[in-house]
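Here is a short report on a two-chain model. Please keep the sequence and the structure open while reading.

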Amino acid sequence: MRILGIDSSGLVASAAVVDDDTLLGEFTTDYKKTHSTTLMPMLDQLIKMLGIDIRTIDAVATAAGPGSFTGLRIGAATVKGLAYALGIPVIAVPTVDAIAYNLYGSKRLICPLMDARRKQAYSGLYKFNETNEFIVKKEQEPEAIEDIVKRINLSDEPVTFLGDGVPVFADYIKQNVTVDYDFAPAFCNRQRASTVACLGRKYFDREFYTSAEEFRPIYLRQSQAEREREEKLKKAGNNA
Amino acid sequence: MSDIKILGIESSCDETAAAVVVNGREVLSNEISTQIPIHTLYGGVVPEIASRKHVERITQVVDLALKQAGTTADELDAVAVTYGPGLVGPLLVGVSFAKAFAYANDLPFIGINHISGHISANYIEDKDLKPPFLCLVVSGGHTHLVRVIDYGRYEVLGRTVDDAAGEAFDKVARAIGLGYPGGPKIEKAAKDGDPDSIEFPRAKVADHPYDFSFSGLKSAVLNYLNHQRMAGVTVNTNNVAASFQKAVVGALTDHAEMAIDQFGMDKFAIAGGVASNGALRASIEALCQRKGVKFYRPAPILCTDNGAMIAAAGYFEFENGVRSGLNLNAEPSLAL
């Protein structure tokens, strides 16, 4: 089975083609350029370099969110255009899960941190058990760094941090984490489309996939206007 | 010569739209999914919500457009998409989808200027219309007076220096409690009002006779409303709507007349969402009759944001040999 992996949820733009147990090719950049100008040219170059026909792709796995709203919609619209044109399914992979899956086989707690602004991180807590089964100990959500660190200290287990939130929160971690901790190295500490494709394959085998029409990014946050409107309505309700 | 069939995609504001058009003139399908009901809750278009809705709808709208046209992707010759001007989030959805769809189908892909799309709606409405002609483009986001030199070639004579005409409609409608979208609501209220009851100013832009300014007019309406309220006078919203609409239509018609006199062209077209306003259509039509100029205006369904106008503009760019790269970005302030 041939899966195209896509991740444009953060600063990284990444595209990969995975054939069962072989990564045919991957193009990953972490450079301040708009994904709308890089993602499709990267995919085009990758396909050309591999000399494959795009119509041989069986499914698209994508980092569905959370992430930058703009990055998520560029990725989602691209994935929809591809999957609709090719008549293939979309596998929506939670972004934070995919980042954690980079550390396959690690015996430590895995704590991805994506900068979510407003002093929060999109984070979750993961582990590989004795048989290297991927365990989601806490599902991805936006959370204050204080609460994330508090939970890790309580766990009393060694932990590895990774993700683009690490540079943002490194000082806080250094000052406040009381358990053994480290930071993952560059080759596996950010979003990678090959990881999205591999985790996506597991989802696909469990028949967890959707169509181009039905696929929705996982924003995990409302727009500011919706938030403010709900607060206003709630206030009005309380005063009534 | 064989027929050229183009899929046009439009998502620059609050309509997700797609259409299939043959040779830039014959519409096979024109699907529009509007978001107006949701934005009405907020009194105007919320960019983040609009972007998310476009993501939800784009595949279905394109699919409907192809099915309605009774065509498949392999019968298309190219994909055209709006890449500006407009709201960046919404634009990115259309651009990203169109690129990927064209790429996977091995089709050429062409980025289109939204204003050029509005102007091109006239080629659909009138199969014999050929450049050169003058065109007044008026919508919620744009007010342009344009000399159409050739297909896809324009000289902008004037544009708004502040609010677009449609924006002024929206803001005034909100101020007199009519709500969103302002254009149709003001037009309806104006029908029961006296356009000569209140004298609102028609702004001129110094040194740039073809440019427009509507923020002064909007402020004049707001000031008038404040004065009336402070004096304890009940405002006749129908009269305000009618007088405001007359001032906008008057400014647009004055500019049109100046351009007709200066450039001596025998064709004048209107385009854009506000071009479906009855008072504006009547005023420009009367002007054209007076001047002996042929008047062109698209049907209302082609005035609102739609994919057919983008496919029409795409056809002429296709014929001009224009192709866009996969690195095409959304350009919110793209100039014509």
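B:Val137 is buried, with 29 other C-beta atoms within 10 Å. Buried means that 20 or more other C-beta atoms lie within 10 Å of a residue's own; exposed means 12 or fewer, partly exposed is in between, and C-beta atoms are placed from the backbone. B:Val137 sits in strand β6 of chain B. Strands are DSSP runs of E of at least two residues, helices are runs of H or I of at least four, and both are numbered from the N terminus. Not counting residues up to four places away in sequence, B:Val137 touches B:Ile115, B:His118, B:Ile119, B:His142, B:His144, B:Val146, B:Ala271 and B:Gly272. Contact here means C-beta atoms, placed from the backbone, within 7 Å.

This is a predicted model: local features need pLDDT of at least 70, side-chain atom pairs count only at pLDDT 80 or more, and totals for chains, interfaces and linings use all residues. Residues are numbered from 1 along each chain as its sequence is written, while chains are lettered from A and ligands numbered from 1 in the order in which they are written.

## The annotated site

Which residues does the UniProt annotation "binding site" cover? The unreviewed entry lists B:Val137, B:Val138, B:Ser139, B:Gly140, B:Gly141, B:Asp170, B:Gly183, B:Glu187 and B:Asn277. UniProt positions follow the numbering used here, feature names are shortened, and annotations may be inferred rather than shown by experiment.

B:Gly183 lies in helix α6 of chain B. B:Gly183 is buried, with 24 other C-beta atoms within 10 Å. Leaving out residues up to four places away in sequence, B:Gly183 touches B:Gly166, B:Phe169, B:Gly273, B:Val274 and B:Asn277. B:Asn277 is itself among the annotated residues.

## Helix α5 of chain B

Helix α5 of chain B spans residues 165-175 and is mostly covered, with 8 of its 11 residues buried. The buried residues are B:Ala165, B:Gly166, B:Glu167, B:Ala168, B:Phe169, B:Asp170, B:Val172 and B:Ala173. What do the buried residues of α5(B) pack against? Their partners in chain B are β6 (133-138), β7 (143-150), α6 (182-190), α7 (215-230) and α8 (237-263). Just after α5(B), B:Gly177 takes a positive phi of about 80°.

Two packed helices are described by the angle between their axes and the distance between the axes. The axes of α5(B) and α7(B) come within 10 Å and cross at roughly 10°. Axes are lines fitted to C-alpha atoms, for helices over the stretch in contact, with angles from 0 to 180 degrees between N-to-C directions. The two helices, α5(B) and α7(B), are therefore roughly parallel to each other. Roughly parallel means under 35 degrees; over 145 is roughly antiparallel, 65 to 115 roughly perpendicular, and the rest oblique. On the α5(B) side, B:Ala168, B:Lys171, B:Val172 and B:Ala175 meet B:Leu217, B:Lys218, B:Val221, B:Leu222 and B:Leu225 in α7(B). The residues of this contact divide into 7 nonpolar, no polar and 2 charged. Nonpolar covers Ala, Val, Leu, Ile, Met, Phe, Trp, Tyr, Cys and Pro; charged covers Asp, Glu, Lys and Arg; the others, Gly among them, are polar.

## Domains of chain B

UniProt places "domain: Gcp-like" (unreviewed entry) at residues 26-311 of chain B. That span is 50% helix and 17% strand, and its end C-alpha atoms lie 10 Å apart.

The domain assignment of chain B gives domain 1 (5-123 + 302-319) and domain 2 (131-298). Domain bounds come from an automatic or database assignment. Over C-alpha atoms, 26 Å separate the two domain centres of chain B. Their contact takes 20 residues from domain 1 and 24 residues from domain 2. On the domain 1 side, α4(B) gives the most, with 6 residues. By class, that side has 10 nonpolar, 9 polar and 1 charged residues.

## Chain A and the chain interface

In chain A, UniProt places "domain: Gcp-like" (unreviewed entry) at residues 32-227. Chain A is divided into domain 1 (2-96 + 191-226) and domain 2 (103-188). Their centres, over C-alpha atoms, are separated by 24 Å. The contact takes 9 residues from domain 1 of chain A and 9 residues from domain 2 of chain A.

How many residues of chain A are in contact with chain B? There are 29, facing 29 residues of chain B. α2(A) gives the most to the chain A side, with 13 residues. The residues of that side divide into 14 nonpolar, 8 polar and 7 charged.

Terms used. Two residues are in contact if their C-beta atoms, placed from the backbone, lie within 7 Å.
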